[in-house]
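Please open the model in the viewer and keep the selection tool at hand.

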Amino acid sequence: MEGLTAAVAGVRATARILARDDGRGGTSLPVLEGDGPLALRRTRGSGTEARVMLVGAMSGPLGGDHFTVEAGVEAGARLRVGSAAATIALPGQTKDEARYDVRLTVADGAELQWLPEQLISAHGSDLYVTTRVDLGATARLVLREEQVLGRAGEEPGRLGSRLVVRVAGRTVLDQELACGPGAPGGWDGPAVLAGHRAVGQVVVVRPEFAAEPVAARVLGETAAVVPLAGPAALVTAVAPDALRLRRVLDEALASLG
C-alpha cells in the first residue's frame, strides 16, 4: 500500500550542485547529488569553468510530481549547467498539478551559465515551473528558458511559469506566463504568443551593464532585447517551433557579445 500511495501522490526528487573556486585556477564541485529522476553528471570543463549535465532518469514530471534543482556558485567559481535532453511534462495518474522548482545562487565574482534544453508541455499535462535566481552585485549570469507548447501535431497541456531574478537583493525581473487549457484568455492572441508554439527568453547579468545599459531593440519579427532595472538585459522571443526559437535566442545572445 505504501508504494501505491507514493505513486498516486507523485514523485518528490531534488538535485543539488555546489561550485567552488578550487584555489588552483579551476572550479570544484563539492556537492553534486541527485535522486530519483534527477541525475547529475560532471562533464569535461573548459579553462576555469566546471560543467554539469542534468540527465533525466525517468519520464516526467508527471501530474503530482515535485522536482527541485538547487545550484550555488561561490565567489570566484564558474559553472555551466545543461541538460541531456528536453524535459517533457506528461499527464500522470492523478489530475494534480506537477511542480518544477529551480533555485540558483551566484555569489560576488562568480559566474553561472544555466542552459537547459527545452521544456515541452504535452497534451493533458499540468505543470507549474518557478525559477528564482539570487546574484551578488558583481556576479555574472546567462540563463536560458525555452518552452514548447505540445509535441508535433498535438495541443499543449497547461503550463505556468514564473522567473524571478534578484541582484544584490534587488528584484530586476519578476515575470509570469500561463499557457494552455485553463490559462487566462488571450495567451494565444497577438499580445502574447500570436499563434506561435515556442516561447523563450535569455537573461544576461553583467556588472558592466550598470554603467553601459543594453539598448532596447527589436531582433527580427518575433524577438526583442530590453534593459532591466539593474546590470541586466532580457531577450524574449516566440517562434513556430523549438529549432527556430533556439536559432533566434542564440543570435540574440551573440549580439550581446
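In this predicted model, begin by selecting Leu245, Arg246, Leu249 and Ala252, the buried residues of helix H2. Turn the view to look down the axis of H2: these buried residues fall within an arc of 130°, so they line one face of the helix. Next, show what covers them; the covering elements include strand S12 (140-149), strand S15 (198-205), strand S16 (217-219) and strand S18 (232-239).

Now select the whole of H2, residues 242-255. The helix has 14 residues and reaches 20 Å from its first C-alpha to its last, close to the 20 Å expected at 1.5 Å a residue. On the face turned away from the buried side, highlight Leu243, Glu251 and Ala254, which are exposed.

Just after H2, select Gly257, where phi is positive, at about 80°.

Proceed to the largest pocket, which holds about 540 Å³ of space. Of the 32 residues that line this pocket, select Leu54, Thr87, Tyr100, Pro116 and Glu117, which lie nearest its centre. Several strands give two or more residues to the lining, among them S4 (49-56), S5 (66-73), S8 (98-106) and S11 (126-135). Strand S12 supplies the largest share, 4 residues; S12 is also among the elements that cover the buried residues of H2.

Within strand S11, select Tyr128. Is this residue buried or exposed? Tyr128 has a relative accessible area of 16% and is therefore buried, the cut-off being under 20%. Display the side chain of Glu176 as well: a polar contact of 2.5 Å joins it to the side chain of Tyr128. Beyond four places in sequence, Tyr128 also touches other residues, including Glu97, Arg99, Tyr100 and Arg162. For a sense of scale, draw a line between the C-alpha atoms of Tyr128 and Ile17, which are 22 Å apart in space and 111 residues apart in sequence.

Finally, select Thr27, found in strand S2 (residues 27-34). Thr27 is buried, with a relative accessible area of 6%. A polar atom of its side chain lies 3.1 Å from the backbone nitrogen of Arg78. To complete the view, show the contacts of Thr27 beyond four places in sequence, among them Ala19, Asp22, Arg42, Thr48 and Ala77.

Definitions and conventions: Residues are numbered from 1 along each chain as its sequence is written. This is a predicted model: local features need pLDDT of at least 70, side-chain atom pairs count only at pLDDT 80 or more; totals for chains, interfaces and linings use all residues. Side-chain values use heavy atoms; hydrogens and water are left out. The expected span of a helix is 1.5 Å times one less than its number of residues. Buried means under 20% relative accessible area, exposed over 50%, partly exposed in between (1.4 Å probe, protein chains only). The arc is that of the directions from the helix axis to the C-beta atoms. Contact means heavy atoms within 4.5 Å. A polar contact is a pair of N or O atoms within 3.5 Å; within protein, one must be able to donate a hydrogen and the other to accept it, and residues adjacent in sequence count only if both atoms are side-chain atoms. On a 1 Å grid over the protein atoms alone, a cavity is a set of points where a 1.4 Å probe fits but cannot get out, and a pocket is an open set with protein on both sides within 12 Å along at least five of seven lines; lining residues have an atom within 4 Å of a point. Grid points are joined across faces, edges and corners, and a volume is the space filled by probe spheres set on the points.
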